[in-house]
Amino acid sequence: MNAPLKISMPAEASQAPKAYKLLIDGSHVDARDGRTIERMSPGHGFAVSRYAQAGAAEVEAAVQAAHRAFETGPWPRMKAAERAAVLLKAADLIETRLEEIARLDALESGKPIAQARGEIGGAVDIWRYAASLARTLHGESYANLGDDMLGVVLREPIGVVSIITPWNFPFLIISQKLPFALAAGCTAVVKPSEMTSASTFVLGDILLEAGLPAGVVNILAGFGADVGAPMVSHPLVEMVSFTGSTRVGKMTMAAASNSLKKVSMELGGKNGQIVFPDADLEAAADAAVFGGFFNAGECCNAGSRLIVHEAIADDFLRTVKALAEKVKVGDPLDDRTKVGAMISADHMEKVAGYVTAAKTDGGSVFSGGGQLASNAGQYLDPTIVRGVTEDMAIAREEVFGPVLSVLTFETIEKALHIANNTPYGLSAGVWSASIDTCMSVARGVRSGTVWVNTFMEGYPELPFGGYKQSGLGRELGKRAVEDYTEEKTIQFHRGQRTGWWVG
């Protein structure tokens with residue numbers, strides 16, 4: 001029996017929750033009815049934040065502000081270099097406040113502070129990359145239509161964008177969306193998760209300090225039914241960018257269809273790492289543990305399925321188990337922690353339910369398997385489940401917790417079948433010394449990203465998104481700004497009219 005985790009109370013535990021107001025039209029305002037949302041730190045069990053709780057009235061005010069800023073304000077009409085300068089200034093300010101933002105995300109989400117620092121640093125890089133794209137966004141010209149005709153294709157900002165982000169990567173995911181919308185010249189209404197809103201409100205302050213005009217970005221805390229739904233259905237919103245569960249994504253898409261809004265979605269995943277006998281097995285084992293337990297498994301592209309060749313399964317899994325048992329679980333504010341707290345007690349119970357169901361269906365817990373006792377917060381032991389078959393819920397559904405399911409194969413064809421036999425197609429990994437094997441798997445897996453002899457690395461230059469029920473569209477990459485634009489064709493005729501229709 002493991003000793004109970006000893007969680008130290010941070011200084012914030014003895015202070016009143018930090019209060020955050022809504023950001024609407026450049027001003028910080030309370031909700032009209034005075035309602036608030038209080039966020040308890042999942043790793044420590046005290047109230048860490050209190051947000052003004054928006055409703056329909058605040059959504060209307062925010063959308064109207066964004067609409068005015070788009071229709072009559074300077075932002076869409078600025079030179080691209082001027083918009084880029086604001087984004088670069090914002091990146092510098094984020095970097096200056098990195099420790100503060102990382103601590104907020106760690107306290108509110110339960111993620112390890114060292115990991116949070118890495119995410120904010122990555123976000124800085126994304127803001128700078130988006131700034132570079134602002135200056136390279138361009139259209140096309142066609143001088144090959146005859147001597148009397150010139151065709152020009154313009155890219156114009158699409159308009160007001162509703163951006164809805166999840167709780168698992170609060171600052172990183174807004175940074176995968178908002179800077180690209182701003183680079184294109186759009187305005188936005190942003191709803192972070194009601195569980196992890198603080199760092200997004202800090203971002204709002206940073207943008208104002210960087211020189212973003214009032215109304216260009218508006219930030220609302222609130223619940224999906226009260227805030228997210230009207231943000232999606234509002235007639236003045238031209239595009240919705242959503243990251244979250246596939247279930248809510250389907251609801252969002254249905255709501256957006258009433259006005260045929262453009263929709264971009266990054267949704268769930270059930271991602272496999274396929275390990276062949278000729279791989280660097282030491283590196284693959286470390287990546288298997290990382291892929292399964294990073295961010296406590298609360299990650300859309302987690303490597304939650306380990307698909308390992310039967311010839312090496314027993315030895316390889318003993319190595320994986322030994323590494324998993326070394327992973328430090330505990331206080332999110334401890335620099336040594338690798339796996340922090342679960343986002344909520346309800347979610348922890350849901351994740352544990354998948355393990356229980358797998359045991360009922362014939363699987364067995366090879367390592368971990370239960371809640372860890374602690375003096376504060378909610379923590380799950382990183383868990384490996386063997387004997388998993390493709391029809392089990394734990395093999396097909398997004399568990400979203402520190403649970404690694406193990407399946408085995410004998411042939412590359414079987415490995416690909418297992419990898420593709422889910423409703424999702426976000427990412428996958430393959431481990432082999434053979435370039436032929438790696439290429440065959442990379443070409444055969446139906447997913448938006450395939451990592452070869454590595455796992456879960458990302459760069460702003462590379463697009464990210466999924467096949468099937470893992471989403472629509474792509475984020476990041478050189479075309480990320482284009483996603484927030486419309487194309488307009490203009491045809492110029494020179495000289496006298498030709499091809500008279502009458503007479």
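User: Which element gives the most to the lining of the second largest pocket?

Analyst: That is α4, with 8 residues. The model is predicted, so local features need pLDDT of at least 70 and side-chain atom pairs 80 or more, while totals for chains, interfaces and linings use all residues. Residues are numbered from 1 along each chain as its sequence is written, and side-chain values use heavy atoms, without hydrogens or water.

User: How do I read a pocket, and how much space lies in this one?

Analyst: Rolling a probe the size of a water molecule over the atoms shows where empty space is left. A pocket is an open set of 1 Å grid points, over protein atoms alone, where a 1.4 Å probe fits, with protein on both sides within 12 Å along at least five of seven lines; lining residues have an atom within 4 Å of a point. Volume is the space filled by probe spheres on points joined across faces, edges and corners. Here, about 770 Å³ lies in the second largest pocket. Its lining has 30 residues, and Leu172, Gln176, Met456, Glu457 and Gly458 lie nearest the centre. At least two lining residues each come from α4 (113–134), α5 (170–175) and β22 (449–452), where helices (H or I, at least four residues) and strands (E, at least two) are DSSP runs numbered from the N terminus.

User: What about the largest pocket: how much space, and which residues are closest to its centre?

Analyst: The largest pocket holds about 1,200 Å³. Of its 42 lining residues, Phe242, Gly244, Ser245, Arg247 and Val248 are closest to the centre. Two or more lining residues come from each of α8 (224–233), β11 (237–243), α9 (246–257) and α12 (345–360). The largest share, 7 residues, belongs to α9.

User: Is Val365 buried, partly exposed or exposed?

Analyst: Val365, in strand β15, counts as partly exposed because its relative accessibility is 31%. Beyond its neighbours within four places in sequence, Val365 is in contact (heavy atoms within 4.5 Å) with Val355, Lys359, Thr383 and Ile384. Val365 and Gln176 are 189 residues apart in sequence, and their C-alpha atoms are 36 Å apart in space.

Definitions and conventions: Buried means under 20% relative accessible area, exposed over 50%, partly exposed in between (1.4 Å probe, protein chains only).
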